[in-house]
Every structure is written in structure tokens, then in C-alpha cells.
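This report describes selected local features of one structural model. Please view the sequence and the structure below before reading on.

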Amino acid sequence: RWREDKILPIVAALLGMGDDGHTASLIPGASNLDVALSARQPYVHIDASGCEAAGKYPQRISLTPFGIAQSNQRLLLIRGANKRETLMAALSNDAVAAMPIRLALQAPLAPLRVFWCADE
């Protein structure tokens with residue numbers, strides 16, 4: 001059962017991003033992605049069974065858009081040309097279910113700070 005009084009506030013969200021635009025285990029194609037994207041709790045269970053990006057760990061706990069929006073500092077760490085191209089593609093549209101990284105780009109209040117480095 002959800003106990004809001006037992007959850008500490010989210011001060012910062014340190015995010016990564018997959019080549020498919022997933023972030024925080026919010027993976028396109030997850031069976032309950034729509035539920036996670038509309039949740040009013042900061043964390044949810046994600047079932048990404050059958051999603052290539054989930055690899056051998058399809059059952060996950062994820063931040064939700066609600067949780068990410070509560071953080072007053074958002075950081076995205078990415079590496080390589082592929083991730084840069086994925087980020088640029090995410091900026092060209094606003095369909096969050098297709099590329100959940102867009103929720104971090106669109107979240108109100110604190111802007112998303114992106115740290116990118118090239119492959120060596």
C-alpha cells in the first residue's frame with residue numbers, strides 16, 4: 001500500500017537514456033507504460049517483458065513523470081554519437097510514449113541539464 005508519509009522528497013533526478021529514448025526504466029512497449037506515465041506516485045513497477053531494451057531484467061522500479069517533475073534538479077548523462085542523435089530526435093517531437101526521455105525534457109520547473117561526451 002502506498003504510504004506518502006514514508007517517502008522522502010526527490011531532490012535530484014540523475015537520468016540516463018537508451019538508444020530507443022527510454023529513461024528511468026520507462027521503456028517504449030512496456031505493458032504498463034501508459035499506467036506509469038499517468039501515475040500520481042513518484043515510483044512504479046514497470047513490466048518491460050519482451051522489450052529488447054530491458055534485456056534480462058524486464059521487471060523494474062521506475063521514477064514516474066510525477067516523480068521527475070518533483071525534483072528541483074534534473075541531469076541527463078549520455079555518451080556517444082548514437083545517444084546524441086537519439087536526444088536530437090527526442091527534441092523534434094513531443095510523443096512521450098514513443099520516447100520517454102521527452103518527459104524529462106518537458107517537465108515543468110527545473111530544466112533538464114544534459115551532459116554529453118563523445119566516444120573515445
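## Salt bridge

Asp119 is exposed, at 52% relative accessibility, whereas Arg79 is partly exposed at 46%; buried denotes under 20% relative accessible area, exposed over 50%, and partly exposed the range in between (1.4 Å probe, protein chains only). The side chains of these residues, Asp119 and Arg79, form a salt bridge with an N to O distance of 3.8 Å. Asp119 belongs to the segment after β5 (112–117) and Arg79 to strand β4 (residues 74–79), so the pair ties together parts 40 residues apart in sequence.

The structure contains one salt bridge, a term for a side-chain nitrogen of Lys or Arg within 4 Å of a carboxyl oxygen of Asp or Glu. Helices (H or I, at least four residues) and strands (E, at least two) are DSSP runs, numbered from the N terminus.

## Basis of the model

The model is predicted: local features require pLDDT of at least 70 and side-chain atom pairs count only at pLDDT 80 or more, while totals for chains, interfaces and linings use all residues. Residues are numbered from 1 along each chain as its sequence is written, and side-chain values use heavy atoms, with hydrogens and water left out.

## Nonpolar patch and cysteines

Leu14, Leu77 and Phe115 make a nonpolar surface patch of about 300 Å². Patches comprise residues with over 30% relative accessible area and no salt bridge, with like charges joined within 9 Å and nonpolar side chains (Val, Leu, Ile, Met, Phe, Trp, Tyr) within 5 Å; accessible areas come from the Shrake-Rupley method with a 1.4 Å probe, and for residues only the protein chains shown count as cover. Phe115 is located in strand β5 and is partly exposed, at 41%.

Zero disulfides are present, a disulfide being a pair of cysteine sulfur atoms within 2.5 Å. Cys51 is buried, with a relative accessible area of 12%, and Cys117 is partly exposed at 38%.

## Thr64

Thr64 occupies the loop between β3 (59–63) and α2 (65–70) and is buried, with a relative accessible area of 0%. Its side chain reaches the backbone oxygen of Gln41 at 2.6 Å. Not counting residues up to four places away in sequence, Thr64 touches Ala36, Ala39, Gln41, Pro42, Tyr43 and Val44, where contact means heavy atoms within 4.5 Å.

## Positive phi values

Most residues other than glycine have a negative phi. Ala24, in the loop between β1 (13–15) and α1 (33–38), has a positive phi near 50 degrees and is partly exposed at 22%. Ser25 lies in the loop between β1 and α1; its phi is positive, about 65 degrees, and Ser25 is buried at 14% relative accessibility.

Notes:
Polar contact = N/O pair within 3.5 Å; in protein donor to acceptor, adjacent residues only side chain to side chain.
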